[in-house]
Amino acid sequence: MKTYLFLFFAFSLVFPMAAQTPEAHDCLPEHTFTPGMEGPGTDKAGNVYAVSYARKGTVGILRPDGTHGIYVELPEGSTGNGIRFDAKGNMYVADYTGHNILKVHPRTRTVTVFAHEPRMNQPNDIAMAPDGTLYASDPDWKNHTGKLWMISPKGKVTCLEEGMGTTNGIEVSPDGKKLYVGESAQRRIWVYDRAKDGTLSGKRLFATFLDYGLDGMRCDVKGNVYLARYDKGTVVVFDPEGNELYEVQLKGRKPSNLTFAGPDRRRVFVTMADRGCFEYFDAEFPGRE
């Protein structure tokens, strides 16, 4: 099994990009993670993380050599979702049941509450700007509404917008000047201009869809936006102007989020909620983080 995983995961293998749409491959046995598998993130060493490894309340690690296991147990009552890393290697985890943003120390793996906000419905996906500012989507699934939050590098929480749709996937552009926010039930993505102090302006529609759901998103170094299409089983890629470039067909139907990994950061790992494993494909450009 370890040999099988290594062949599919080994970061030393760099596949040449073909002209056709990238092909998706399996990584890890099915149901290694629970259906709550979400929020993948990649550290500087190339390890890939996602929440709900084996059971709820955990963060799992997938190493470059293909080995995997539980990286950290979250505090009692906490349930993780989105994961991001800062420049110092600290991991941030959206804790949607605790209304927290948790912080995990890279050496000790100590988990602390970086920010707590009881007015949150449930912090869902998070995005890290180049200056260390965090943004959190905050959906109210029952009422199809949502909020948008900003968390400063010191942990100060600010509500940027209320009365939105079901805010979900969220990402910052490579230059830190734009913020993308998806609304799942409304099937649309908004883009904002981002000021130096982290505040937003110039809200405008980036993309809309007629069917299926929207979930997590990431940007590559060129500013292209990669979006998980939940229930459709694809990842769709847009250029910075909102023009669709291509769509990658996955094996499962419920991709929840994605992250870039590999030695050149061109390999896209997708968390599959219905299969409890990663699928991956190779992109043309590295991820922006």
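In this predicted model, the charged end of Lys 203 lies over the ring of Trp 190, at 4.6 Å from the ring centre.

Tyr 226 is buried at 1% relative accessibility, and Phe 260 is buried at 6%. Another edge-to-face pair joins Phe 269 to Phe 278, with 5.9 Å from centre to centre and 90 degrees between the planes. Phe 269 is buried, at 0% relative accessibility, and Phe 278 is buried with a relative accessible area of 0%. Ring pairs connect Phe 269 and Phe 278 with Phe 33, Tyr 53 and Tyr 280 in a cluster.

Turning to the strands, an open antiparallel sheet is built from four of them in the order S2-S3-S4-S5. Strands S2 (33–42) and S5 (68–73) are at the edges, each with a single partner strand, so one side of each has no neighbour in the sheet. Neighbouring strands here are turned by 30 degrees against each other on average, direction ignored. Within the sheet, S3 (residues 48–53) and S4 (residues 58–62) are joined by four bridges, and Val 51 stands opposite Val 59 in S4.

As for the cysteines, the count of disulfides is zero. The sulfur of Cys 27 has its closest cysteine sulfur in Cys 277, 8.1 Å away, which is too far for a bond. Cys 27 is buried at 2% relative accessibility, and Cys 219 is buried at 1%.

Note on methods:
Residues numbered from 1 in each chain as written. Predicted model: local features only at pLDDT ≥ 70, side-chain atom pairs only at ≥ 80, totals over all residues. Heavy atoms only, no water. Disulfide = S-S within 2.5 Å. Buried < 20%, exposed > 50% of the residue type's maximum accessible area, 1.4 Å probe, protein only. Pairing = 2+ DSSP bridges. Helix = DSSP H or I, 4+ residues; strand = E, 2+ residues; numbered from the N terminus. Axes fitted to C-alpha atoms, helices over the stretch in contact; angles between N-to-C directions. Phe/Tyr/Trp six-rings, centres within 6.5 Å; stacked < 30°, edge-to-face > 60°. Lys NZ or Arg CZ within 6 Å of the ring centre and 35° of its normal.
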